[in-house]
Amino acid sequence: MMHRPIEEPVRPVRPHPVEAAGSWADPLAPLGPPEPSQVDPAVLGALLDRHGWHRRGGAAGRYARWTPPGPGAGGTSLLVPESRAFPDCEDLLGEALVALSRSASPSARDVLVGLTVPSDEIRWWRDVPAGPAGAATWTAEEQLRAAARQMLLAGALAARGRAGYYGARHRGPAAASLESVLVGPAPGGRQLTAFVPVLTGRLLAVRLHQALYAVREAVDYQRATGGMDAFDGAVEAGVSHELTEAVVALVRGTEGARIAVEWAPAAGVPEGCAVDAEPVEFSPGDLTVLREASARYLRDEPAMPVRITGAVVRMRRSGPRGEGTVRVRVLGGADVPHVRMTLDEESYRIAGHAHLVGLPIRVHGRLESRGGFRRLTGASGVVPVQVDEGEKDRLMKSLQENLDFFEEACSGD
């Protein structure tokens, strides 16, 4: 047995990992419940009503007593003032918030989230068979969460522009915008709620709300007439290959699915949106049309003429002479992170020399939808571009880390 010398300092213990806040994290863990002084009684009442709490009376115009939904509510009840016009308003709100934080009802947690972070709520339901004792299978809950995330990403893409197929375009910023979205539990793998903060995500919620109704109308039109024309116009409402694929993922393996968007009471209803819109419903009978629309969007999205500025990150060709393939990290000119292109011998040489001196290149071409807008065809006009010293130093550092590879790739030039 070995012993540590007495004079040797004790090594620090690695702290226990803490789950980071953000997408799909516990909404209340990093934030804590709201202060009574920050709570609007009218908003609290609206959230209690939305989440199924029952109003049991109280002094008219002064207070309302609310009890939680479902069986087993016990003696839990909340006395909520109608407004801040009474001196004991803040005390009653404080007691109500404490009772909500201690309540075993899942809806109490949802109400607290809506108070803490004013959010539009997006809900998904899947009609799937229940497992033993009402438990969900592992795959059913995973499918629900994966489909919900796909749908949120499609809404975030639509908030950045309209397209039948996005591919890699806007995907990085759209995915980053989901980091502020909070999620509730998925009881039984059949229901899931996302809380989209109004300050950062209202446009996402609005676009998704409009696009889902447009999908439903386009499917109904196709089933009534046999034509797919409605899907062409639906692109302006935010419908895309990515959204139709998300709906397919949600509905597949179920007897039906529904999606609803409910607006944050503290922010009101967005312009052009319904106050009490019904959930949008889809059934397995819609899947054939949805898959056809998805393939149609993928096939018909046109190539885009672009002028890209980017840093060369990879070069390859079969011999010391002739054309070669170049991979570029896009700095400007297209909403994708990287593109590949085939360059003739002279353009390949220019691209290699530009990288060796730490400069990006500028190139004209067409961004092809095939492959997700990751390939530039007809590349021409390759020229080095001057950049500031900070960017040049960073590019030179990247070169030094891959010097052997580039010496091999550029040999013979």
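Me: Hi! Among contacts between residues at least 6 apart in sequence, what share join residues at least 24 apart?
Reply: Hi there! That share is 68% in this protein. Keep in mind as we chat that the model is predicted.

Me: Noted. How many helices and strands are there?
Reply: The protein has 12 helices and 13 strands.

Me: And how much of the protein is buried?
Reply: Of its 413 residues, 45% are buried.

Me: Let's talk cores. How many residues are in the largest nonpolar core, and which have the most contacts inside it?
Reply: That core holds 55 residues. The ones with the most contacts inside it are I122, W124, M151, L152 and L243.

Me: Pick L243 for me. What does L243 touch, leaving out residues up to four places away in sequence?
Reply: Its partners are M151, A154, L208, A211, L212, V215 and G238. M151 also belongs to that list of core residues with the most contacts.

Me: Which residues does the second, separate core include?
Reply: V306, V326, F373 and A379 are among its members, and this separate core has 25 residues.

Me: OK, helix 8 next. Which residues does helix 8 span, and is T244 in there buried or exposed?
Reply: Helix 8 covers residues 241-251, with T244 inside that stretch. T244 is buried, since its relative accessible area is 0%, and the cut-off for buried is under 20%.

Me: What's packed around T244?
Reply: Setting aside residues up to four places away in sequence, T244 touches V239, L290, A293, S294 and Y297.

Me: How many residues of helix 8 are buried overall?
Reply: The count is 10 of 11, so helix 8 is mostly covered. The buried set includes H241 and E242 as well as L243 and T244.

Me: What happens just after helix 8?
Reply: G253 sits there and takes a positive phi of about 80 degrees.

Me: Which residues does S240 contact, leaving aside neighbours within four places in sequence?
Reply: A163, G164, Y166 and Y297. Y297 turns up in the contacts of T244 too.

Me: Now helix packing. At what angle do the axes of helix 4 and helix 8 cross?
Reply: They cross at roughly 160 degrees and come within 8 Å, with helix 4 running over residues 138-158. Angles over 145 degrees count as roughly antiparallel, so helix 4 and helix 8 are roughly antiparallel to each other. The crossing is left-handed.

Me: Which residues meet there?
Reply: From helix 4 you have L144, A147, Q150, M151, A154 and L157. From helix 8 you have E242, L243, E245, A246, V247, A249 and L250. By class, the residues of this contact divide into 10 nonpolar, one polar and two charged.

Me: What about helix 2 and helix 3, how do their axes cross?
Reply: The axes of helix 2 (residues 89-102) and helix 3 (residues 106-116) come within 8 Å and cross at roughly 130 degrees. Helix 2 passes helix 3 in a left-handed crossing. Helix 2 contributes L97, L100 and S101 to the contact, while helix 3 contributes A108, V111, L112 and L115. Sorted by class, that contact has six nonpolar residues, one polar and no charged ones.

Me: Switching topic: where does F373 sit?
Reply: F373 is in the loop between strand 12 (361-368) and strand 13 (375-384). F373 is buried, at 0% relative accessibility.

Me: What does F373 touch, not counting residues up to four places away?
Reply: Its contacts include Y165, Y166, G167, R169, E301, P302 and M304. V336, V339, L367 and E368 are also among them.

Notes: Residues numbered from 1 in each chain as written. Predicted model: local features only at pLDDT ≥ 70, side-chain atom pairs only at ≥ 80, totals over all residues. Heavy atoms only, no water. Core = buried A, V, L, I, M, F, W, Y, C linked by side-chain atoms within 4.5 Å. Buried < 20%, exposed > 50% of the residue type's maximum accessible area, 1.4 Å probe, protein only. Contact = heavy atoms within 4.5 Å. Axes fitted to C-alpha atoms, helices over the stretch in contact; angles between N-to-C directions. Helix = DSSP H or I, 4+ residues; strand = E, 2+ residues; numbered from the N terminus. Left-handed = near helix turned anticlockwise from the far one by under 90°. Nonpolar A, V, L, I, M, F, W, Y, C, P; charged D, E, K, R; others polar. Parallel < 35°, antiparallel > 145°, perpendicular 65-115°, else oblique.
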